[in-house]
Amino acid sequence: MTLPGYFKNHKASAFAPATMGNMAVGFDILGGTLSGVGDTVHLELTPCRSPGQSSIVIESITGTDSDKLPLVALENTAGKALIALLAGEGLAVDVAVRIEKGIPLGSGLGGSAASAVAAVVAMNALLKEPLDQNKLIIYALEGEAVASGAKHADNVTPCLLGGVVGVFSVEPLSVRSIPMPPGISVAVVKPQVGIKTEEARALLGGEVEKSLVIKQQARLAGFIVGCMSNDKVLIQESFKDDWIEPQRKKLIPHFDEVKKAADGDGVFGASISGAGPAIFALCEDLNTAMKALDRMKAVYDNVSMASLAWACEIPQTGASVVTEV
Ligand code: HSE
């Protein structure tokens with residue numbers, strides 16, 4: 001089997017982590033990486049059956065909510081990202097794709113971005129001349145847009161780069177990692193309901209009062225300055241969303257109670273992860289996050305509502321190539 005010369009290998013797998021979009025103060029602008037949960041994509045290349053014409057076949061999707069995801073490559077975030085990458089780089093090959101979902105569908109934890117990012121990272125590992133990060137983000141965004149109807153990059157970028165990332169422009173792409181105080185951690189609780197990002201975006205009103213724009217701009221700036229200068233007072237003062245959260249919280253059962261339960265020493269605040277329903281609390285260290293997690297999860301336990309819940313430090317690494325076992 002001879003592959004075109006631009007490939008160095010025929011098989012690769014990559015893992016991409018869950019992410020929290022918006023991070024309360026940066027709608028479509030800020031995103032943070034999570035550890036412990038993610039998607040894995042396996043690729044296997046064969047020479048084109050139709051010369052010069054790539055074909056992407058999604059052979060299987062397994063794991064969480066896998067039965068609800070499309071196998072048609074153009075409709076699948078991983079498939080669409082791969083189609084965009086091959087077309088954009090002028091590469092022709094047949095690709096067999098297997099997707100293992102770890103991130104629930106419609107969770108607000110960046111599942112559509114993770115599959116797209118894992119796919120492009122795995123493909124990049126097969127190239128003799130790997131693409132730069134910006135190109136991978138751009139191709140993964142084509143996949144993300146299939147699911148959410150918009151090219152918001154606040155999940156794709158932290159998923160690829162790790163840490164907390166600011167998306168300062170999508171076209172042309174301009175993203176930067178935002179240094180965070182050491183040890184900063186999150187508690188994440190997701191009740192067992194699903195929210196479609198596209199619908200949660202459609203819900204948002206178009207007009208925004210000038211006074212609210214000023215307030216949210218100050219908070220975004222304050223949050224970034226606070227993170228970069230390890231000013232925990234400023235982080236806490238800034239970590240508030242009076243714009244998106246009030247419009248979307250009605251989609252999330254017991255949101256106000258969970259947010260209130262998160263309150264405590266060393267907790268900067270809690271808000272919706274991405275489009276929800278996952279809720280995250282930003283905390284100064286992992287110990288604080290674990291305590292906040294118990295309080296937040298107890299709200300759902302007390303009403304016998306199942307939830308997915310975990311705490312982690314914000315990892316500094318994003319998607320990575322994995323060795324298949
Ligand atoms: N910024 C996006 C939104 C994230 O809130 O719609 C979706 O995960």
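Predicted model: local features only at pLDDT ≥ 70, side-chain atom pairs only at ≥ 80, totals over all residues.
The ligand is surrounded by eleven listed positions of the chain, namely Asn22, Phe27, Asp28, His152, Asp154, Asn155, Thr197, Arg201, Arg248, Gly274 and Ala275. By class, this shell is made up of two nonpolar, five polar and four charged residues. For Asp28, the distance from a polar side-chain atom to a ligand nitrogen is 2.5 Å. For Asn22, the corresponding distance to a nitrogen atom of the ligand is 2.7 Å, and a polar side-chain atom of Asp154 likewise lies 2.7 Å from a ligand nitrogen. The ligand taken alone exposes 260 Å², of which the protein buries 97%.

The space that the ligand takes is the largest pocket. This pocket has a volume of about 680 Å³. Its lining consists of 41 residues, and those nearest the centre are Leu105, Gly106, Ser112, Ala147 and Thr197. Thr197 also belongs to the residues that surround the ligand. Several elements of secondary structure each supply at least two residues of the pocket lining: helix H1 (77-89), strand S4 (94-101), helix H2 (111-125), helix H3 (133-148) and helix H5 (197-202). The largest share, four residues, is contributed by H3. When the lining of the largest pocket is divided by class, 14 residues are nonpolar, 17 are polar and 10 are charged.

Rolling a probe the size of a water molecule over the atoms shows where empty space is left. The structure holds one cavity of 30 Å³ or more. About 90 Å³ of space lies in the largest cavity. This cavity is lined by 13 residues, and Asn22, Ala24, Asp241, Ile244 and Glu245 lie nearest its centre. Helix H8 (245-248) and strand S8 (267-272) each provide at least two residues of the cavity lining. The lining of the largest cavity comprises six nonpolar, four polar and three charged residues.

Most residues other than glycine have a negative phi, and most peptide bonds are trans. A cis peptide bond is found between Glu171 and Pro172, with omega at about 0°. Pro172 is placed in the loop between strand S5 (164-169) and strand S6 (174-178). Another cis peptide bond joins Gly276 and Pro277, where omega is about 10°. Pro277 lies in the loop that runs between S8 and strand S9 (279-283); S8 also supplies residues to the lining of the largest cavity.

Asp28, although not a glycine, has a phi of about 70°. The place of Asp65 is in the loop between strand S3 (55-63) and H1, and H1 is among the helices that supply at least two residues to the lining of the largest pocket.

Technical notes. Residues numbered from 1 in each chain as written. Heavy atoms only, no water. Near = heavy atom within 4 Å. Polar contact = N/O pair within 3.5 Å; in protein donor to acceptor, adjacent residues only side chain to side chain. Areas by Shrake-Rupley, 256 points an atom, 1.4 Å probe, with all protein chains shown as cover. 1 Å grid on protein atoms, 1.4 Å probe; cavity = no way out; pocket = protein on both sides within 12 Å on 5 of 7 lines; lining within 4 Å. Sits in = over half its atoms within 2 Å of the grid points. Nonpolar A, V, L, I, M, F, W, Y, C, P; charged D, E, K, R; others polar. Points joined across faces, edges and corners; volume = space filled by probe spheres on them.
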